[in-house]
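Subject: Structure handover

Hi,

Here is the structure I promised to pass on. My notes on it follow below.

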Amino acid sequence: MFVFFTQIVIAQNNYNLGTQGKQNVQLIVNSDFVVTMDEAQPVIKNGAVAIRDGKIVAIDTQDKIKASYRARRTLPGEGMVLMPGLVNGHSHSAMVLFRGLADDLALEDWLQNYIFPAEGKFVDENFVRVGEQLACWEMIRGGTTTFVDMYFEPEVAAEVVDECGLRAMIAPSSIDFPSPGFQGWDDAFASSVNFLKRWKGKSDRIIPALAPHAPYTVSPEHLTQAIRAARHYDVPLTIHLAETQTEVQDVQQRYNATPVQHLENLGFLDPRVFAAHVVWPNESEIALMAKRGVGVIHNPDSNLKLASGFAPIPAMLKAGIKVGLGTDGAASNNVLDMWKAIRLTALIHKGTTLDPTAVPAKTVLRMATLGGAQALGLADKIGAIKTGFQADLIQVHLQEPHLLPLYDVTSHLVYAADAKDVDTVIVNGEVLMHKREMLTVDINKIRREVVSIGEKIKAEFRPSN
Ligand SMILES: CSC[C@H]1O[C@@H](n2cnc3c(O)ncnc32)[C@H](O)[C@@H]1O
Ligand SMILES: [Zn+2]
């Protein structure tokens with residue numbers, strides 16, 4: 001039996017060995033710099049990554065990779081930095097179709113008087129299909145390789161994500177009042193549970209999760225039902241939390257507790273939970289989230305635009321909370337551009353604390369990659385360039401004037417680069433964009449369909465324009 005097993009292993013290794021003793025791999029990606037997010041070897045100059053079966057099999061200098069591996073395809077890397085793909089930890093992807101529909105409003109006014117009515121009127125399968133396609137196009141362009149999608153019509157969203165090749169945590173939304181396709185909590189939640197039963201363990205690119213909307217729109221009984229289901233099915237759960245001062249006052253009045261404490265009182269907080277925003281936690285709530293292992297996704301663009309405030313990110317990081325970055329939906333941002341979130345994160349906390357060392361560049365880049373992966377519970381697979389991790393990688397081109405000269409790669413990635421500098425995007429070892437050419441989405445078709453839906457929304461929702 002042992003001999004038989006050994007023969008199989010030797011046969012497999014021989015299969016991977018090409019001529020000259022080199023191992024066959026699917027792809028080698030070279031770059032002037034490889035920024036790994038791995039403490040053991042943070043940045044490799046003239047580095048390369050070898051990929052087989054969608055996973056990283058080796059990271060080393062280009063010379064060493066070339067000496068040991070033979071690839072079906074090799075991507076050159078002159079003038080490039082290779083890094084893990086960006087993890088957008090909070091979005092409502094199909095809301096790209098509401099981009100610019102309602103600006104310069106506070107969250108409550110924006111949601112109650114504009115967004116919820118617009119969703120009631122326009123969100124259906126076709127809306128989500130076209131919106132999701134547009135969002136995936138935009139995210140690939142900007143180097144996002146994994147995103148959390150907290151929205152409606154999750155089957156349609158999953159189909160689109162599957163087609164375009166991205167990785168997504170799809171978290172169908174459940175709320176206590178009528179929402180697109182549902183009369184209230186019971187049918188929305190039942191449908192969310194059905195979605196995760198269908199998708200759990202089915203694909204390594206589509207990860208199902210639960211998403212009760214927020215403590216001010218979901219009753220304590222329903223929040224308890226949601227966390228119990230998340231534990232039962234062993235899936236992540238995401239929620240909007242402590243986003244505005246109005247929410248804090250509202251939850252305090254209704255439940256005699258601040259939002260994070262309210263969830264603690266319900267036995268809700270644990271490491272599978274990650275919360276979006278968390279702009280207004282008090283000191284003891286920060287300690288509580290750290291103790292319970294709750295992740296936080298910081299959405300600086302949306303928090304500024306909706307005048308929600310500045311999340312106390314330096315204090316959260318100091319407490320040891322897993323913090324990632326997100327864009328939120330494009331109706332409150334108005335772009336799904338992680339580079340803008342990176343830059344804002346690196347700037348605003350210095351301004352609010354009057355401390356230039358608050359949230360340094362390296363910390364921000366980590367938040368946009370490995371930190372996000374940790375918050376989502378995926379840090380054993382994505383977020384870093386490490387052997388055995390999924391090959392979710394981006395090449396950023398460092399030759400444009402705003403990136404010259406070059407002293408420090410991390411500095412440029414955080415303070416100077418933007419979405420247009422992303423040259424190549426790879427997910428699971430598959431190339432989705434190369435030299436900025438989109439390879440998995442039909443951009444002309446999407447553009448036509450978006451314009452057509454936009455005309456309809458404009459005519460019905462903003463007829464005076
Ligand atoms: C349950 S998630 C889907 C639901 O959330 C709405 N939404 C979008 N952005 C925000 C935000 O910043 N805070 C609260 N709710 C938000 C979205 O429009 C969907 O109705
Ligand atoms: Zn949101």
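I start with Ala135. Ala135 touches Ser93, Ala94, Val96 and Leu336, leaving aside residues up to four places away in sequence. Contact here means C-beta atoms, placed from the backbone, within 7 Å of each other. Ala135 is buried, with 35 other C-beta atoms within 10 Å. The cut-offs are these: buried means 20 or more other C-beta atoms within 10 Å of the residue's own, exposed means 12 or fewer, and partly exposed lies in between. Ala135 sits in helix H4. Its C-alpha atom is separated by 31 Å from that of Val260, 125 residues apart along the chain.

Some ground rules. This is a predicted model, in which local features need pLDDT of at least 70 and side-chain atom pairs count only at pLDDT 80 or more, while totals for chains, interfaces and linings use all residues. Residues are numbered from 1 along each chain as its sequence is written, and chains are lettered from A and ligands numbered from 1 in the order in which they are written. Helices (H or I, at least four residues) and strands (E, at least two) are DSSP runs, numbered from the N terminus.

Helix packing around H4

H4 covers residues 125–141, and H16 covers residues 443–461. Their axes come within 10 Å and cross at roughly 130 degrees. That makes H4 oblique to H16. For the angle classes, under 35 degrees is roughly parallel, over 145 roughly antiparallel, 65 to 115 roughly perpendicular, and the rest oblique. Axes are lines fitted to C-alpha atoms, for helices over the stretch in contact, and angles run from 0 to 180 degrees between N-to-C directions.

The H4 and H16 crossing is left-handed. Left-handed means that the near helix is turned anticlockwise from the far one by less than a right angle; clockwise is right-handed. From H4, the contact uses Phe127, Val130, Gln133, Leu134 and Trp137. From H16, the partners are Ile443, Ile446, Glu449, Val450 and Ile453. By class, the H4 and H16 contact has eight nonpolar residues, one polar and one charged. Nonpolar covers Ala, Val, Leu, Ile, Met, Phe, Trp, Tyr, Cys and Pro; charged covers Asp, Glu, Lys and Arg; the others, Gly among them, are polar.

H4 also packs on H5 (residues 154–164), at an angle of about 35 degrees with the axes 9 Å apart. This crossing of H4 and H5 is right-handed. H4 brings Glu125, Val128, Arg129, Glu132, Gln133, Cys136 and Ile140. H5 brings Val156, Ala157, Val160, Val161 and Cys164. The tally for H4 with H5 is eight nonpolar, one polar and three charged residues.

H13 and H14

H13 (residues 338–353) and H14 (residues 361–376) have axes that come within 9 Å and cross at roughly 145 degrees. Their crossing is right-handed. Met338, Ile342, Thr345 and Ala346 of H13 meet Ala361, Val364, Leu365, Met367 and Ala368 of H14. This contact of H13 with H14 has eight nonpolar residues, one polar and no charged ones.

H10

Glu285, Ile286 and Met289 are buried in H10 (residues 283–292). They span an arc of only 105 degrees around the axis, so they lie on the same side of H10. The arc is taken from the directions from the helix axis to the C-beta atoms. Their cover includes helix H9 (259–265), strand S14 (295–298) and helix H12 (313–319). The face of H10 turned away from the buried side carries exposed Glu283 and Ser284.

Backbone points to check

Most residues other than glycine have a negative phi, and most peptide bonds are trans. Two residues go the other way on phi:

- Glu153 has phi near 50 degrees. It lies in the loop between strand S7 (144–149) and H5, and is buried, with 26 other C-beta atoms within 10 Å.
- Ala307 has phi near 55 degrees. It lies in the loop between helix H11 (300–305) and H12, and is exposed, with 12 other C-beta atoms within 10 Å.

There are cis peptide bonds too:

- Asn333 to Asn334 is cis, with omega about 15 degrees. Asn334 is in the loop between strand S15 (322–325) and H13.
- Leu404 to Pro405 is cis, with omega near -10 degrees. Pro405 is in the loop between strand S16 (393–397) and helix H15 (409–415).

Best wishes

Notes. Contact = placed C-beta atoms within 7 Å.
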